[in-house]
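Subject: Structure handover

Hi,

Here is the structure for you to look at. My notes follow below it.

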Amino acid sequence: MRIGIDILENEIIEQYPEVLEILLRDHTTQKNIFWATNNYQYLGKAYNFSSQITAELITAENGNIIMPRVQKDKLLQQSRSKEMAEVFTPSWICNAQNNLIDNAWFGRNDVFNTEIPQDNGTYKWEVKKEKIHFPKGKTWQDYVRDTRLEMACGEAPYITSRYDSTTGEFIAVENRIGILDRKLRVVSENVDTSGEWLKAAQNAYKSTYAFEWQGDSLLLAREAMLVTFIENYIVKFGKEPLLKSLCYIAYIISWNVWQMDGLKGVIPDSCGGITISEVDLFGNVKTENSFCKGCMDNNIFRHNGKYCLIKDWTKKDLTTGKSGRKIKFVDLLKSKKL
């Protein structure tokens, strides 16, 4: 695959059959993710807000429709910022905030890199070259399995920093600072065989979550995570992973990075009025219109929209016995796990 900031859907579908369809899947609706934006409606009905994103709509002659925000028209960038509060964070800020999380986890500072202040008020970072050492009572496997979540992830700059989302500058694998980038670095430093690496990398992906409203940004985030897997495997072993390994990573991503209204815990725009009809003993029909109580009361547990499903990979499915139990995201809030 050609390495660059814009991951071309045509290349994915040509080189990795089946993978794009997996990345487009929404497991809550059992359909594809949908646009959830009117930015593309000028292209026709299939690109309306509520229309599903299919491979045919974004490949072949349509292969350049979805692109990173930094490559979009400036007016479109401003429109999305105004309408959807779409603001992308510079990599140096992502790094600083991810460092704070790791400082707390490791109990010491500057584990993965050292931040260097610049004259303009920003920061650069210098990557620590030595192997990461872990505090007493914690192992590299614990770090890889530690659950992390990026909210309203956009193109997921906190998860994988393939490029600076504000400048478009490509970042080499060894200099990346995302949540997943750090986990995969730890994996590569501690295993030598392909089989061990794949198993540990799968655990890294299973413990990394994100959600996003807009379908195009969600797909970009999923694609970035997939290509991050390919790039790290190539750096470690000098060749691309097998298609079956890519398909499984794509499957994990399709569960862990999902489409959701983060304020409601439901599929975007799925709440609405419900018409209830009842027939009394005399055959009279009584109709009552009911509005979403969650929207009216601002109560995340009372929406009538479709609540989003994710997988807890630490538990087995009660029906199949396989790894990964389906749960509603809002149930994590009830159990105070978030």
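Of the chain's 338 residues, 49% count as buried, meaning under 20% relative accessible area, with exposed over 50% and partly exposed in between (1.4 Å probe, protein chains only). This is a predicted model: local features need pLDDT of at least 70, side-chain atom pairs count only at pLDDT 80 or more, and totals for chains, interfaces and linings use all residues. Residues are numbered from 1 along each chain as its sequence is written, and side-chain values use heavy atoms, with hydrogens and water left out.

Overall picture. The chain has 12 helices and 11 strands. These are DSSP runs numbered from the N terminus: helices are H or I with at least four residues, strands E with at least two. Contact means heavy atoms within 4.5 Å. Among contacts between residues at least 6 apart in sequence, 64% join residues at least 24 apart. The accessible surface comes to about 17100 Å², and carbon and sulfur atoms hold 53% of that. Areas come from the Shrake-Rupley method with a 1.4 Å probe; for residues, only the protein chains shown count as cover.

Strands S3 (residues 113-117) and S4 (residues 123-127) pair in the antiparallel sense over 5 bridges. Pairing requires at least two DSSP bridges between two strands. Asn 113 stands opposite Val 127 in S4. The hairpin has 5 residues between its strands, and Gly 121 takes a positive phi near 90 degrees.

Asp 164. This residue lies in the loop between strand S5 (148-150) and helix H7 (179-190). Asp 164 is buried, at 11% relative accessible area. Leaving out residues up to four places away in sequence, Asp 164 touches Pro 90, Ser 91, Glu 169 and Ile 171.

Best regards
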